[in-house]
Every structure is written in C-alpha cells, then in structure tokens.
Amino acid sequence: MNMMSAVRCSACAAIFLLTAGGTPSLQAQAPANPGPLTLWYPEPATPKIVTNRFGTGYTYINEALPIGNGKSGALVTGGIGEELLRLNEISLWTGDDKTGGDDKKMGNYQALADLTVRVGSTNPASGYRRDLDLASSKAGVSYTQDGLTFRREYFASHEADIIVGRFSADHPGSLTGSVAVKDTRTDPSASVTSEGSLLLLRGTLTNGMAYESQVLVRHEGGEISAHDGVIDFKGCNAITLLVAAGTDYVMDPARKFRGENPHAAISKRIKTAGSRSYEDLLAAHEKDYLALFGRMTLDLGISSPEQRALPTDKRRLVAAKVTDPELERLIFQYGRYLLISCSRPGGLPANLQGLWNDSNTPAWHSDYHANINIQMNYWPAEVANLSECHTPFFDLVDSQLPYWREATAGASDLKTPEGKLTSRGWAVRTSHNAMGGMGWKWDKTANAWYARHFWEHYDFTRDAQYLKETAYPLMKEVCGYWEDHLKTLPDGRLVVPDGWSPEHGPQEDGVSYSQEIVWDLFNNTVKASAALGTDKEFRDKIASLRDRLAVPGTGSWGQLLEWMQEKKDPVLDAPNDHHRHTSHLFALYPGNQISVQETPSLAKAAEVSLKARGDVGDVREWSFAWRCALFARLHEGDAAEGQIRRFFGATCPNLFGNHPPMQMDGNFGITAAIAEMLLQSHENGIRLLPALPQVWGQGSVRGLKARGGFDVSMTWENGKLVTAVIGSTHGGSVAVRYHESSIAITLKAGESVTLKLTKNDALTTR
Ligand code: FUC
C-alpha cells in the first residue's frame, strides 16, 4: 500500500527538468489516454555516460525508443529543440570471414549514423510526451513551446524499406531549423554531402564494407536550402524525412558476403518513396505491420488506474513488485513488436541487441551468441505466430556453413574420440558474425541446438517442402557430426566428450546440457525422417544412438545433475548454486526430453534444481525469461508469473532487457515464456492453460500456435477455461488436454472446432 501511494505521488507530480548547458527545462504531464500497448514517457531520453567492461559510452540504448523495418532502424530520443535519431543498419559489421576464433578479428556490429533535427527553440516546453505505440508501430513526440504545439511521428516501413519521420506544428509556417547527418566513426573515409533536398552519407569500414545512408527532406510551405552537409528549413508547415540505408553485405558465401555498392539501390528506394505521399507510406506500413502483429491479441486482466497513470519507466519498476496485467500483456507484445522490427525474411537475424546499437564497441560485439542467446531470440517466433520472422536465422546459418565446415575440419579441439579431425558436419563457436567469422570458444552442441530451430519451424508450420529441402538435410549433417564425435563408455552408453555447461564448472564428458541437446537432435531427426518417409536405415541407427545416450541423473538432494557425477563442491551442484544459466534444464525447456506428463520423476528433479537456482545473485534478464518458461513447463503458473515480475526489474527504461548492459534476448524469451504459460504442445498434444497464475483470473488470447499446424484462441474466467477454438492449417488429429481432461479432435485443413467444459470440467465439443 505504502509503495503504491508513493508511486502515485510521484506520477501525479508535475516533473521539472532543470538542466545545465542550455537544454530547455520542461514541465510534463501524464497523457490523457495512453493506449494499452503504448510505452510513454513525460520527458526525452536522457542518456548518461557509463563505463563498463566494454568501454565508455552513452546509454541511448537504455532510454530511446526503437523502430525498425527488419534491416534498418532508429533509436528515437525525442529531445526538445533537437531531435537525435541513432540510425542502424543490421549488416554494418567490422571484422572478417576467417578469424581463427579471434574475437578481435570477428569485429563489432556498428552504429550507422546520427540524424539530428533542430527545430523550434531551447525555451521551456510543457505537455511533453514521447511514446511508442505497438498497435500501430509508430513512435511519437509532442510538446508545447513558445505557444506552439509541436508533433513528430516516426515509423520504419518494411514495405518501402525506409524510415520516415514527420515534423509538424499547430500553426502554419512555424517550423524553422536544420537537418544534419553525422557518421558515428572518426573514419576519414566517411563523407557527408548535401544537394537540393538530399543528404548523403557514405563510408567504408576498415574491412572494406561500403555503407551509405540517404536522407530526403520534404517540406510543406516555407523553403529549404542545402549547405555543407546540412539542410536548413525555414517557415515550413511540415517536414517529412525519408531515410534509407544499406551496405554492400550479401548473405552469400560464394561472394564472400560482398555485393554491389549500395548507392544505386538506395537512390532508387529514396526516389520511389519520395514520389509517394506520407499518408500512403503510413497506410502501407500499417497494413504490412498489422499483417503480422495483428495475428495475436492478448488480455491478461485489468490494471489499476494508478498503474495506468504511471509513465513506462516508473511503471516497470512497480510491476516488478505488484502484478500489472496490462504491462505483462505489453511486454508480451513488445517481444513480438521487436521481432517484427528486426527480423524479416531476406534480412539478417536479430543479434544480441536486436538491430539497435548506440556504440561501435557494443557489449559482446552485439554478436550472434550460440550458447543460449540467439536461440532465445527465436523462442517466440513460432508459438507467437511470427513464423516468417524465424527465417533470417535459417538463412544466416545456411550462409555460414561453408566457413563453419572449414573451421571445424581444421579444429584440433574438435577431434573425434579416435583422435581424427572432423570430416563430417560442422560446429560453431559461442560468438560469431554474419561473414563466416567466429570468436570466443567452441560451443560443441550449438550445432544441434541450431538444428532444433529448423525442426521447430517445420513442426509448427508443417511445411513439408521446407522440411525436405532445408531442415532435414541440415539436421542429417549435424547428426553425422555427432555420429563421429560421441564417445562410448565402458557400459555402452554414449557421451559428448569434453563438453561444457555454459559458462559454468569444468569441461568434461557427459555434461547434461550436451547430452540433452544431442538427444534432442536425434529425436527430432528421427521424427523428421519419419515425416518424410525416407532414410529408414539411417533413422533406425539414429534412434538407437539416441537411446544409448547417457541421460541426466538425479543427485543427493533430489536435483537434476548438471554433470554426470555429482560435484562435491561448496557451490557447483549445491543447493546454493545460483548461476545464471540453467543449461541442464534444456531438456525441460526448450527441449522436451523431460516433461511433467512423460517423465514425472525427472520433472520433479528439474523442479528441485530450478527452485534452488532461484532468482537472486547471478541472474540476468534472459535468466528470468528462461526460468519463467521452465516454471511454465512444470505447470507452476504463480512461480512463472513471479519471473515476469523479476524480468521487469531487469529492464531498461525503454523496457529493453538489462543484463546489464542492455541485451535483447530476454525480451524475446519473456514473450515465448508467457506463451508457454498459456499453451503447450511439446508432449504429443495440446495443453490448454497449463500454467495460468491466479493473478490472471480472467482473460483471453487469440492466435497462439501449436505444433502440428494448429492455432489456438481461448477465453477464461475465474481461473478456468471457458472456450477454446482450435483451428488447423494442414488438417490432422491431436489430443487436447486441460488439467486432467483430454479429448481427441480431428480437423480438415482450414477447419476449426470450439471446445468448452462440461459441469465436471471435462473438455467437450458440444
Ligand atoms: C552468454 C551469457 C552472458 C551474456 C552473453 C552475451 O555467454 O552467459 O550472460 O548473456 O551470453
């Protein structure tokens, strides 16, 4: 009670920013009606300078609001009198292709440029609001200053492959200022020129990668003039900025990842977009975005007026302590928004920061990280009905294979138990870029974990052609690697030699993480081969290898063992081991080797381990997301919801995950975990509301996806299912479960069925 009133107090108070150095002071107020899927703030992003082990820099990425079209994006800071957009292009990387595992040679994901718009004055402003509306994929800034109300609107159009910004005011002719673009590097090769209404930034990175950004400034009323890399505008009614960016990167190993200089394509894009009206660009953007985002709706209950009145940065901190169902809905949809905004077919996959970056030496290079992170980025893709957004991950993996194969074949760390160099398949290091280059340390079973994503895409979509042409060949190749690399123990069991439970404990044989991931590969490959009706002999061989794999054991305090032998150690494998990774619980989630229904005693051991791991100490934003999904798989809804609250406590003001520093995997992971609380389909059937917490007594969801090509919508009241509508894309039979009740349904392609509960809580179609 005390906490809420303190919060109410700070929310209702007018906020004054008294600033030094000429920035304006600001009087802000809560907006009259923030939309339910809107992040909003009564002040501009106020980045600070921080120093951490990755360097010193500003924290734009913690504060600014992200927009993205899958390839390029911006962080919107919303300054008064001076707007700063940090621009990004997802392929802009330093580093090389053949790096020999050297992190430095692998390079860094780069920030592209700073786009600055000076407008109005530095006088005090009132009624300030900066927001991001997930329902329409638009960011906005508005405030009143000098008797004028200024408004800015931003969106990143996938359809037109540009970023659009529009500046307006409520009196004609009142926009006067300038637009400038600046490279974020001190590289002498970068140049900015302006001509007519166009700004042009071009540069070349040290690895030879050419990059470019063009900004077209359109004005309504007044006049514009270009000089010295700047465009001035004077007395305008409105200004529209069209921003296009690109590099000469291509996801093609045969061309060593380099294609055409981007200039011609960007010029064409700007010309095409420049001939369209703002309204037309916006309408096309919303249509394109909603075709993905609009597939799902979620309602987890109603928040209090006090919670609703809080700006997002303050609200998240309260939501870490007291359930805020509308903010929990928002964080679910934020993961979907972010995935749509940074991972579209034909582009690169989401990296550690999605596609947003405010630094040229970002944390962990803002790379592709293979021991949990890139996988977690894609956990929500299928279940949260964004299957297309999964494909950049597959394309990237496919494009890296020639390099990964070559590096694997030459790696003395990856010799077979007979001491031979690898001759089949590939492995991947924990860090990699998108140009064949890899950094820190082999993650020996990441190949199999990557393969799981290929299988899952098929399992959810039932796209047989994709299975045959893309997923199965890759899975088979990884099986080949493991056929050659497993070691036989004297008792005949098979173990992964010299594995590591990331990033924890010693390297040794038969680590649970490695065993479970290889089991998962073999199990999925057997299913894939059966689904295709092919390779019977190979399938039987893989099935028998799977059945000989050492299975994680249980330990002296009932825990699931993280290593083959229980450690006699004060921390490792002890009840007070709070390490951030829950690697040995892979089999519970995202894997399915352990489940409440099929392996209850191992599920119990996993529960003991999970509870001991706890949520204090070395726990990160992504750890909470994983723990949330693990509790969901154990059907412990209240504990899972507790992890969503803990996740809020590990977010930045803009709700990006805060490891620290900022990291995006947790945003995607929490979306997947919330989906898992509502629907599961890993146990050979569909389970409805398996982990509904008490605090979500009433709600509904539309458009979740289940394995087998099913979609599921549900309503519930008083913590109990009311209706479930199950549709099938490809036709098929499935067992549907709700608590102790089960019903078998068979649907034709395109058909759906409505399920209800009888008086005895049994599922029925009548
Ligand atoms: C893994 C984690 C770290 C961090 C890094 C990017 O290695 O262990 O916590 O998330 O990835």
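Tutor: Start with a term. Two strands pair if DSSP finds at least two bridges between them. Strands are DSSP runs of E with at least two residues, and helices are runs of H or I with at least four; both are numbered from the N terminus. This is a predicted model: local features need pLDDT of at least 70, side-chain atom pairs count only at pLDDT 80 or more, and totals for chains, interfaces and linings use all residues. Residues are numbered from 1 along each chain as its sequence is written, and side-chain values use heavy atoms, with hydrogens and water left out.

First, the setting. The protein chain holds 19 helices and 38 strands. Of its 766 residues, 62% are buried, meaning under 20% relative accessible area with a 1.4 Å probe, protein chains only; exposed is over 50%, and partly exposed lies in between.

Now the strand: β7, residues 72-76. Five of its five residues are buried. S72, A74 and V76 lie on one side of β7. G73 and L75 lie on the other. Both faces are covered.

Next, its neighbours. β6, residues 65-68, pairs with β7 in the antiparallel sense over four bridges. There, G68 has G73 of β7 as its bridge partner. The two strands form a hairpin with three residues between them. In that turn, G70 has a positive phi of about 100°.

β8 covers residues 82-89 and runs antiparallel to β7, joined by five bridges.
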